[in-house]
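Here is a short report on one protein chain. Please look at the structure first.

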Amino acid sequence: MLGVIELILAAATPFRATLHAPTHTPHVNSPWAITIRAADRRGHPIRARVTMRFLFAGVPVGKVDRGRVYSFVGTWREKKGQEIKFPPASRGQRLTFQALVTARGHTIKLNYWVQPR
């Protein structure tokens, strides 16, 4: 039954969003460059917004770039030299990186577990 629900939700969302990250175990104090893409159901780039945060055990514990909302068309990346960096206090902590991508009146939550080393 769960597969049917997922299929209905996928059909109800007017766009797709994907998150690409280099690793689940980034090094502390090193750049972690991610890429977020938004496209319509046929794969064409669309205008979207993204804000990012970190969760610990499902509870929000931090915002990326102080919660800034970025607008983009198709693909979004942090600017060179402004990539996400994990502080030493995060070493060994299992976190969830969450990107909230909004377009066409819907929001998709992209979750990616990370454990800085």
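## Leucine 19

The model is predicted. Leucine 19 is part of strand S1, which spans residues 15–20. Its relative accessibility is 16%, so leucine 19 counts as buried, the cut-off being under 20%.

Beyond its neighbours within four places in sequence, leucine 19 is in contact with Ile34, Thr35, Ile36, Phe97, Leu110 and Tyr112. Leucine 110 lies 91 residues away along the chain, yet the two C-alpha atoms are separated by 6.7 Å.

## Aromatic pairs

The whole structure holds six aromatic pairs. One of them joins tryptophan 32 and phenylalanine 86. Their ring centres are 5.4 Å apart and their planes meet at 65°, so this pair is edge-to-face. The partners sit 54 residues apart. Tryptophan 32 is in the loop between S1 and strand S2 (35–40). Phenylalanine 86 is in the loop between strand S6 (75–77) and strand S7 (95–103). Both residues are buried.

Tyrosine 70 and tryptophan 76 form a tilted pair, with 5.1 Å centre to centre and 40° between the planes. Tyrosine 70 counts as buried because its relative accessibility is 13%. Tryptophan 76 counts as buried at 7%.

## Cluster and charge

Trp32, Phe54, Phe86, Phe97 and Tyr112 make up one aromatic cluster. Among its members, Phe97 and Tyr112 are also contacts of leucine 19.

Arginine 94 places its charged end over the ring of tryptophan 113. The distance to the ring centre is 3.9 Å.

How values were computed: Residues numbered from 1 in each chain as written. Predicted model: local features only at pLDDT ≥ 70, side-chain atom pairs only at ≥ 80, totals over all residues. Heavy atoms only, no water. Helix = DSSP H or I, 4+ residues; strand = E, 2+ residues; numbered from the N terminus. Buried < 20%, exposed > 50% of the residue type's maximum accessible area, 1.4 Å probe, protein only. Contact = heavy atoms within 4.5 Å. Phe/Tyr/Trp six-rings, centres within 6.5 Å; stacked < 30°, edge-to-face > 60°. Lys NZ or Arg CZ within 6 Å of the ring centre and 35° of its normal.
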